Every structure is written in C-alpha cells, then in structure tokens.
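Me: I would like to go through the terms used for this model one at a time and ask what each of them rests on. Please set each value against its cut-off before drawing a conclusion.

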Amino acid sequence: MVVSSQSMVQQAGQGHVPPSTVAAEPTTFEPRQFFYPVPWRAHSYHAGATLTKHHGNGTDFAGYASLLACPDPKRIDIRASVRTQPQQWLVRTYLERAAIHVYAIVDVSSSLFFQGPSAQDLQQRLTRFVASLAWSVTRQGDGFGMHAASDHLPADLQRLPSFQPGTAQQVHGLLNGYWQQASSQGADQGHTASALPAAIEAIGSRRALVFLISDFFWPAALLQATMRAAQPHDVMPVVLRDASAFEGLPAFGWARLRDMETGQERSWLLRRKLRAQITADAAQQKQSLNQALIKAGARLPLWLPPDWRAEDVSRHLMETMA
C-alpha cells in the first residue's frame, strides 16, 4: 500500500483537519446470534453441543461393543449380535457432546480509534460483534473468554471462560467503558498491538476456537509471532476496517496523513493517479492478508462490514470449518 502497513489514514482532504478523538457513544446491546460449527472434537466433560471422543449417554452412534465391555442391556442390538462369529451379545455405543471454549482476542491498539465519517465507527462495530459472539457462545452452552491487547494487556479486559447467561451484557459494558476511558486518557495515540501474542498465550495449550479481531495493520513480524502463538487453536480472523480511509479521497489537493500508532504525520499532494493507486493497493493488501493468514493455519478471514448480519457470519463460519 501507499500508506504503511502499520498506519491508518486519519484525515485526507484539502488542507489540514485536526484528528477527532471523540470516543464512541455507548449503545444499547442488541443480541445477534450466529453459529460456529467446528470440525474437531471437544475434550471437556462440561455438557455442550460439540462431539467428543467420550462414549456415554449421547445420541451420536459410535459403533458396537461387547456386552461384557459395556454392560448396558437396554442397548443390545439383536440383529448385529446374530451376525457375529463367534456369537456374542453386542450393544450400541454412542458419543457424548461437550462444551468448548471460545475466545475473543481483541486488538485495542490506537489504530482502532480511527474516526471516519460513517455513522458506525470501528469501536462500535467491534463492541457489537464481540458482545454478539459472547451471546452466541453462551446460548450454545460453551464458555466465552476474552483477552484484549495493545502494547500491554488491559486488566479490565481479561476474562476467563464463563458459561453465565449475562456474559454478553457484561462484555458490552466493559468494552464501551474502555473506549471512553482510553480516549480521555490519551490512549488513542502511540499504542501498537505488540502484546497480542501474549494475549493468545494466556489461553493455554488446550484447543479452543479463537476469534482474532483486529484491523490487521501489523508489521510482518507481529503477524508471524501472533500466528505462531495461535498454532494450537482454531483461529478465525475477523478484519475491521473503515473504507473511508482509502475510498472517497479528493481527486486533487493537499492531504495530511497521521499514523495513529506512532503519531508521525506527513503531507501528500493528492491527484487522480495517486488516488487510483491507493484504492488498488488496498485491494491488493486484502488478498495478501488473506493468503498470509491461511498459510499460517488460520481460516479464511471474515471481513466484517458496518452493516454485518448474523446470517452472513454463520454462513462464512460454516464454509470455512473444514
């Protein structure tokens, strides 16, 4: 891209416009439930919706076993028993279903404080998605956990997996409170996402479904370190970007660009050819990011639009589960 991969265009136009630092207004939580099938087996014994390798009182047929090995007369299969040589009593065995842990790894670095002209900014979009994820997870009987990171791990945004029904509302309130507090304390400038690998390592080694939520304006070294830390897990990248950072730029005029994570500013003389190149580079970067994440072992990223629908998220998760 013309803009550095670590940067975000704060304002572009004719003349200098001071960047906005207004925090996102708190919004009421409207739950949107989507579904997230996983192709692997759960390892816990907490009741849930994901298949396990444990034989028990489930409804998913696993096979046959000797009555001596599984003394459960009510599950004797007579037809299967008479076909055995030597003859013996066979019983049907079933697999149990159990809960998994689903984590939201949230990037709260300074680039997420970008304020575009759209009605719904990145903070609101991220907050609504994470809260809806928590709602979906607890409704399905799984445990929802969250770890947020910038260049450190904010203590208020670290949550162990919880099965409580009110988790979504709590997460919604926590994120809204963080955006307001961070903006008032000047955290909307000068903070990178360097602590994301540590946030993923805090999950542990047991396999989990991890939603990695960020704008992914990262240097290559951070992307590699983050995906290396996430190797034990099923990673679903969720990309949030504001199209106004690359589209709708003036055809001609001076533009002031600011890197929101380093604070560096520069001036550009916009013209039609440069505007077209910015748009083309943004499309090329999307393809490159998709390829890099898939190569690192993640699913095909979900590019979350401002008007995202739960049905579209469910469809994407089902298509990328294999």
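Me: Why does Arg 256 count as partly exposed?

Reply: The model is a predicted one, and in it Arg 256, which lies in strand 9 (residues 253-258), has a relative accessibility of 29%. Buried would require under 20% and exposed over 50%, so at 29% Arg 256 falls in between and counts as partly exposed.

Me: What makes the buried residues of helix 5 line one face of the helix?

Reply: In helix 5 (residues 220-229), the buried residues are Leu 222, Leu 223, Thr 226, Met 227 and Ala 229. Seen down the helix axis, these residues fall within an arc of 160°, so they line one face of helix 5.

Me: What covers the buried residues of helix 5?

Reply: The cover includes helix 4 (196-201) and helix 6 (272-295), together with strand 7 (209-214) and strand 8 (234-239).

Me: Why is strand 4 described as largely enclosed by the rest of the structure?

Reply: Strand 4 covers residues 101-107, and six of its seven residues are buried, so the strand is largely enclosed by the rest of the structure. Strand 4 pairs in the parallel sense with strand 5 (residues 143-149) over seven bridges, and it pairs with strand 7, again in the parallel sense, over five bridges. Ala 104 takes part in both pairings, with Met 146 as its bridge partner in strand 5 and Phe 211 as its bridge partner in strand 7.

Me: Which residues touch the most other members of the largest nonpolar core?

Reply: That core has 55 residues, of which Leu 126, Phe 129, Val 130, Phe 144, Met 146, Phe 211 and Ile 213 touch the most other members. Helix 2 (residues 122-139) supplies the largest share of this core, eight residues. Apart from it lies another core, of 24 residues, among them Ala 193, Ala 199, Leu 223 and Leu 293.

Me: With which residues is Val 130 in contact, leaving aside its neighbours within four places in sequence?

Reply: Heavy atoms within 4.5 Å are needed for a contact, and on that basis Val 130 is in contact with Ala 104, Val 106, Phe 144, Met 146, Val 171, Leu 175 and Ile 213.

Me: How many residues does the protein chain have, and what percentage of them count as buried?

Reply: The protein chain has 322 residues, and 49% of them count as buried. The chain contains seven helices and 11 strands, and it exposes about 15600 Å², of which carbon and sulfur atoms supply 53%. Among contacts between residues at least 6 apart in sequence, 74% join residues at least 24 apart.

Key: Residues numbered from 1 in each chain as written. Predicted model: local features only at pLDDT ≥ 70, side-chain atom pairs only at ≥ 80, totals over all residues. Heavy atoms only, no water. Helix = DSSP H or I, 4+ residues; strand = E, 2+ residues; numbered from the N terminus. Buried < 20%, exposed > 50% of the residue type's maximum accessible area, 1.4 Å probe, protein only. Arc of directions from axis to C-beta. Areas by Shrake-Rupley, 256 points an atom, 1.4 Å probe, with all protein chains shown as cover. Core = buried A, V, L, I, M, F, W, Y, C linked by side-chain atoms within 4.5 Å. Pairing = 2+ DSSP bridges.
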